[in-house]
There are 2 protein chains.
Amino acid sequence: MNEKSLANWRESPAKQAVFDFVAAITDPTSPDYLSPPDRVAVFDNDGTLWTEQPVYAQLMYALDRAAELGHPTTLQELHQGGMPALMQLLTLSHTGMTTDEFDEACRRWLASATDPRFGRHYPELVYQPMLELLSFLAENDFSCWIFSGGGTDFMRAWATDVYGIPPHRVIGSVGETELRTGANGPELVKKGVQIVNDGAQKPSSIHRHVGQRPILAAGNTDGDLAMLQWSAAHPGRTLQLVIQHTDAEREYNYDRDPILGSGTAELYAAATADGWTLVDMARDWLTVHPPVATSAPVRA
Amino acid sequence: MNEKSLANWRESPAKQAVFDFVAAITDPTSPDYLSPPDRVAVFDNDGTLWTEQPVYAQLMYALDRAAELGHPTTLQELHQGGMPALMQLLTLSHTGMTTDEFDEACRRWLASATDPRFGRHYPELVYQPMLELLSFLAENDFSCWIFSGGGTDFMRAWATDVYGIPPHRVIGSVGETELRTGANGPELVKKGVQIVNDGAQKPSSIHRHVGQRPILAAGNTDGDLAMLQWSAAHPGRTLQLVIQHTDAEREYNYDRDPILGSGTAELYAAATADGWTLVDMARDWLTVHPPVATSAPVRA
């Protein structure tokens with residue numbers, strides 16, 4: 001292993017588990033060896049690869065977009081309005097425009113909006129140790145995929161640049177799209193939600209988009225449990241990583257999804273029962289977010 | 001260009017168009033140059049990469065499978081029964097089993113069933129010149145994808161081996177899948193059709209699965225028109241290939257999809273209007289199917 005790999009992971013059982021796993025999968029003399037095309041790794045996004053508190057960045061985008069369109073609402077009103085209010089906001093901010101227009105609006109917002117606590121652009125609130133893990137896996141010929149409850153189109157507006165993961169490997173919730181002819185030829189108009197990519201849907205999405213069982217999966221709430229179990233059922237050696245938010249000082253300390261309300265009890269119970277690898281942010285990471293000095297997140 | 005590339009393409013405008021296009025896209029000094037991640041090519045499958053007459057192989061699979069399950073029916077009965085009979089057959093043969101069981105059943109069938117006219121296994125009825133095109137594009141760092149009306153799971157049982165295209169780039173019609181816990185852990189049960197990947201759906205599927213506009217698209221019926229138009233609207237240089245079935249002696253001479261009934265009139269009109277490249281099988285290809293001497297298709 002390159003000694004600089006996982007530089008911002010403290011020496012710990014979690015770091016060792018990653019090193020041992022990658023060594024076993026990539027060593028041609030190992031009984032666990034797999035050729036590069038079979039090295040599929042899947043990651044949740046919100047709370048696993050970047051900060052999801054106090055609410056997902058995508059929801060902040062939706063609120064800002066709604067205000068821009070003359071329909072301002074607050075996070076408090078949204079919480080009070082429950083699921084109907086959330087769906088109304090998502091319809092307003094995520095449908096009725098072309099995929100190109102949506103992408104452009106997201107990119108504009110991402111370049112300007114800042115997180116209230118850290119005062120940084122949202123793509124700078126990715127986890128530096130996880131960027132290093134993605135790079136380490138890519139160097140070892142793993143294909144890293146994102147399977148998130150967030151929107152595919154929203155994530156693709158920044159995830160490829162920030163994580164170094166091509167758009168086709170960034171998969172989330174999706175709506176139907178309608179083909180029409182615009183001024184510049186065919187275009188796709190975004191319609192209502194078709195697939196909410198959470199919980200039991202994640203294995204179905206992995207089957208549809210990858211067509212292979214992953215050997216590594218990482219998540220942080222019960223909404224990721226099915227995905228981790230799906231990877232654990234691969235017949236060869238596998239690794240499951242459970243990111244635990246234990247760091248109120250540098251990030252947040254919580255065990256419940258900020259909006260959908262998924263907890264972590266089932267995930268932690270499965271991790272204990274099946275020997276999955278717990279990643280305790282406070283204990284296992286030297287830093288959480290990339291250094292402020294750089295204007296963009298640093299990939300290892 | 002490697003002189004051996006496209007060995008079974010006769011010297012013709014079609015072959016030259018492919019060479020010119022690939023040279024322009026890959027030459028760093030060319031105004032049309034694109035870096036490898038942007039070299040996305042999409043292909044229809046039935047009638048574009050392999051023989052679809054007298055009916056799609058997948059339908060032959062469905063008929064054989066139905067007979068195996070004690071519900072024999074004939075192609076003639078199927079034609080008489082129209083869409084309801086077809087859906088009934090697909091439900092019987094394609095749902096109610098796990099994705100692993102379906103994959104295994106397909107592979108067993110593909111290894112034994114033979115085409116009535118050529119007496120060969122279906123995966124041997126791919127087009128040798130198209131295998132060479134796929135190889136030539138891969139050598140030039142293109143990512144080749146299949147977007148077919150055929151079923152994703154059926155295609156993945158053989159397409160990766162035969163075309164050298166990884167499963168995640170083999171996309172067709174799909175059903176919902178339901179996660180359940182079986183004897184060996186989590187498994188996915190195949191349910192009814194959710195997305196019929198033909199016509200206007202193809203650009204939506206490309207957006208969902210690739211997230212980039214393709215620069216090359218190939219098809220053979222009006223069901224592929226939207227996909228070819230979608231690629232043509234890419235702002236850079238693009239190439240559209242229209243495969244014409246003109247060869248009754250070596251394959252078939254027809255201009256209509258064998259089951260769904262899509263014609264070719266709209267596709268050919270667009271090809272003429274927009275200067276797309278016609279590939280006339282009788283005129284442009286030295287061979288159609290791979291040599292019989294080998295037991296498996298030959299990739300160039």
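Chain A of this predicted model can be laid on chain B with an RMSD of 0.0 Å by a turn of 180° and a shift of 0.0 Å along the axis. That is the relation of a two-fold axis. Copies were superposed by least squares on the C-alpha atoms of residues with pLDDT of at least 70 in both. His209(A) is the residue of chain A that comes closest to the rotation axis, at 3.4 Å (C-alpha).

Residues are numbered from 1 along each chain as its sequence is written, and chains are lettered from A in the order in which they are written. Local features need pLDDT of at least 70 and side-chain atom pairs count only at pLDDT 80 or more, while totals for chains, interfaces and linings use all residues.

The contact takes 28 residues from chain A and 28 residues from chain B. Residues are in contact if their C-beta atoms, placed from the backbone, lie within 7 Å. On the side of chain A that touches chain B, α8(A) gives the most, with 5 residues. That side divides into 14 nonpolar, 12 polar and 2 charged residues. Ala, Val, Leu, Ile, Met, Phe, Trp, Tyr, Cys and Pro count as nonpolar, Asp, Glu, Lys and Arg as charged, and the others, Gly among them, as polar.

Chain A has 11 helices and 8 strands. These are DSSP runs, numbered from the N terminus: helices (H or I) of at least four residues, strands (E) of at least two. The C-alpha atoms of chain A fill a box of roughly 60 × 45 × 35 Å, taken along the principal axes.

Note on methods
Two residues are in contact if their C-beta atoms, placed from the backbone, lie within 7 Å.
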